[in-house]
Amino acid sequence: MSIKVLQPGLLTSMQDLGRYGYQKHGVIVSGAMDTYSLRIANILVGNQEGEGALEIALLGPSLEIEKDSLLAITGGNLSPTINGKVVPMWRPVYVKAGSILQFGACKSGCRSYLAIAGGYDLLEVMGSKSTYLRAGIGGFQGRALQRGDVLAVKSPHGASLDRTEYFKRKYSPESFVSSSWYAGRPPIPQALRLTTIRMTRGLQFEYFTAESKSQLLNASFQVAAQSDRMGYRLSGVNLQLESPLEMISEAVALGTVQVPPDGNPIILLADRQTVGGYPKIGQVAIVDVPILAQVRPGATIQFQEITLEEAERLYIARENDIQELKTAIQLKFL
Amino acid sequence: MHPKTSNMKCNATMLPLGESAVLVEFGGGIHPDTHRKVKAFTEYLDSHCLPGMIEYVSAFSSVTVFYDSLMVKQLHQDHVELRKEPSYRIISVILQKIVAELRTGDGQEARIVEIPVCYGGELGPDLAYVAEYNKLTVDEVIDIHSMGDYLVYMVGFAPGFPYLGGMSEKISTPRRQSPRMTISAGSVGIAGVQTGVYPIPTPGGWQLIGRTPLALFRPNENPPSLLQAGDRIRFYPISQQEYEEYKREPI
Amino acid sequence: MLTFDEIREIIKMIDQSSIQHFELNQDGTQIVVGKYAVSSQKNTPLDSEGVKETVSQRSTAAIQQESAKIMEEIEGSHLHKILSTTVGTFYSAPEPGADPFVKMGQQVGPSTVVCVLEAMKLFNEVEAGISGEVVEILFKDGEFVEYGAPLFLVKPE
């Protein structure tokens, strides 16, 4: 049981929720940029929510599904089709062997996630299936997918097997069959619209000039073309410190907004280094990181300040929503 | 070797790094005494299970504890004073208690790791420049570098990359004007008053003085990093032939 | 006596054929299978003696009664009601700001999705179930809908 890569796309890599516990050795977390979408994709097909899934960026691949499979596509809309027919997203889809799953133009967001019932058959490195591109480890041979790669898929079991069987019974002789329901998702950013990202104050916020502090929260920033999985580089406003700050390296976190001497802030994302030495002006709320991860280079964002308590409340509310969604999906298969 | 200072008391400031991490700042900058506090704290974290904690990252003068706020809130439901507090306050209270009881003398003896380095030649293309810049001979640079006693303050930047303290200022050299696109794994370099070893191929502007056949990053071993914060390092020179042999048959 | 599977097979065959009425006598067992329009009130061919196993597709008395009731309800307006399939929150579009699934006056087919009902973060699509023209939308976005509530009125083709 496997998936064959006919066209690899721009950057298609295996990711999960990240490699935790090894940052003290300098090993970065990696993992999906939009962990929310990865989790939902896995939940839909009956996998553990942290199972590995393909992260498909901007320009999607063309894949041959070599065996009847249950899969789910979430995240940004990269116009997925199966044998030329539009595939609905955010729901389980049962696909016949030999089908060609192809991604096309980027309609909203910029990263899709493809989960398959049973999960991809890959060895975990340091407890994770995420690809650590720079070190060349994890995921599929430590690299992004290439033409001709064949990804082995594990046989579904437990919930993923039940769901596969459920859709197999519903199958009609078309290329695929999907559910009449779909999972709720956060708003996926549109290319030309301004996306608001909530943040809390960073540890060095007070050291910036009054003008910089005000601009951070009132101006809009463009996500620069050099942005990648490591971080989003922003341009538009030059943020300056009141006076030079003596900083020594210390840990950074997912969503840390740091400001190098050139004044253009960088938001640290999935492939961030473990430590940094630049002043931190802000910290993106955990719930908004998946939304930010769907903002395309070239698009604009603006920050909205919230309190730490509010950020935590939003996080807990989202986790409760995911639990509720999980239960609702389980009920569909009773 | 630094003599062990007898049981220093620790105190630290707790600072939230977003809603999922607390930075525990010991203060005192880059100094072996500060490092001892950091080390005492991480040794405690290594041997105790803190409910809700995911992992920690230690740095020169701070340790950042990453946690899951939902789990922290749930696990402290019974705590009358804390249950209504946001998770970072709950975590801060717990960590503050731990810090207050730390004693720096309690830690284990530092491990000494010896690192063979083939200095100069193709493997250390900037050795001659470092010598010239400091008005020394190539052999003097090798002597000074390999006679130093280095402390691993922290590991970061790249997997297994040690931030070392203790290099002699006699061989300090500024970074290259134009950084190299890629530096081979094992390269030993100098940047300012720092020296370090690249565990994986990386672009960078360090002056490369040699290369070690030792693998600093070992993804299939646990721990995956040869060096740990708190280790002491000594470099010793080997010939190109020894380097090749070592590469063929690692000890 | 015929087994359950055999009976099921017979029904299936008849269903796929153009046969309207079928009777079988075997070992004292009589099977009568008939295809009847929902509106047919009479024509219940149950008058034989002995053991009878009567199987019919859509003409049990209960269904007839129920359909008659629905027919009666919509008789006045000649309109079809699309009913809610679940308890949930009504949404006319797939996401905020997007075009609605259907507009007033729009022609729909049986499998046209007309709205979604959100329950526990899951969005359930509701299909028209009939061909016709949408003449009334009975709910607004965000309104709570009970199970079985009429959502749309459709003028059948």
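Strand β13(A) and strand β8 of chain C (residues 122–127) pair in the antiparallel sense through 3 bridges; two strands are said to pair if DSSP finds at least two bridges between them. Within this pairing, Ala183(A) has Leu122(C) of β8(C) as its bridge partner. Strands (E, at least two residues) and helices (H or I, at least four) are DSSP runs, numbered from the N terminus.

This is a predicted model, in which local features need pLDDT of at least 70 and side-chain atom pairs count only at pLDDT 80 or more, while totals for chains, interfaces and linings use all residues. Residues are numbered from 1 along each chain as its sequence is written, chains are lettered from A and ligands numbered from 1 in the order in which they are written, and side-chain values use heavy atoms, with hydrogens and water left out.

## The interface of chains A and C

In this interface, 15 residues of chain A are in contact with 11 residues of chain C, where contact means heavy atoms within 4.5 Å. The area buried between the two chains is about 1,200 Å², and carbon and sulfur atoms give 53% of that area. Buried area is the accessible area (1.4 Å probe) that two parts lose on being put together, summed over both. On the side of chain A, the residues that lose the most area to chain C are Ser180(A), Tyr182(A) and Glu324(A), together 41% of what that side buries.

The interface of chain A and chain C holds 2 salt bridges, a salt bridge being a side-chain nitrogen of Lys or Arg within 4 Å of a carboxyl oxygen of Asp or Glu. Asp321(A) forms a salt bridge with Lys121(C), and their closest N and O atoms are 3.7 Å apart. Both β13 (181–183) and α5 (308–332) of chain A supply at least two residues of the side that touches chain C. The largest share of that side, 8 residues, comes from α5(A). By class, the side of chain A that touches chain C has 7 nonpolar, 3 polar and 5 charged residues. Here Ala, Val, Leu, Ile, Met, Phe, Trp, Tyr, Cys and Pro count as nonpolar, Asp, Glu, Lys and Arg as charged, and the others, Gly among them, as polar.

## The interface of chains A and B

The contact between these chains takes 39 residues from chain A and 45 residues from chain B. About 3,400 Å² is buried between them, with 66% given by carbon and sulfur atoms. Leu17(B), Glu19(B) and Glu55(B) supply 19% of the area that chain B buries against chain A, more than any other three residues.

Chain B and chain A are joined by 2 salt bridges. Arg89(B) and Glu309(A) meet through their side chains in a salt bridge of 3.4 Å, N to O. Several elements of chain B, including β1 (13–16), β2 (21–25), β3 (53–58), β4 (62–67) and α3 (87–101), each supply at least two residues of the side that touches chain A. The largest share of that side, 4 residues, comes from β3(B). The residues on this side of chain B divide into 25 nonpolar, 13 polar and 7 charged.

## The sheet of chain A

Chain A has an open sheet of 6 strands in the order β2-β3-β10-β5-β8-β12, with antiparallel pairing. Its edges are β2 (11–15) and β12 (176–178), each with a single partner strand, so one side of each is left without a neighbour in the sheet. From one strand to the next, the twist averages 25 degrees.

Strand β5 (residues 69–77) of chain A is joined to β8 (residues 92–95) of chain A by 4 bridges, and the two run antiparallel. Helix α1 (residues 35–44) of chain A lies across β2, β3, β5, β8 and β10 of chain A, running at about 155 degrees to β5(A). Axes are lines fitted to C-alpha atoms, for helices over the stretch in contact, and angles run from 0 to 180 degrees between N-to-C directions.

## The sheet of chain B

In chain B, an open sheet of 4 strands has the order β1-β2-β4-β3, with antiparallel pairing. Strands β1 and β3 of chain B stand at its edges with a single partner strand each, so one side of each is left without a neighbour in the sheet. Strands β2(B) and β4(B) run antiparallel and are joined by 5 bridges, with Ala21(B) opposite Phe66(B) in β4(B). Helix α3(B) packs on the sheet, touching β1, β2 and β4 of chain B, and its direction makes about 30 degrees with that of β2(B).
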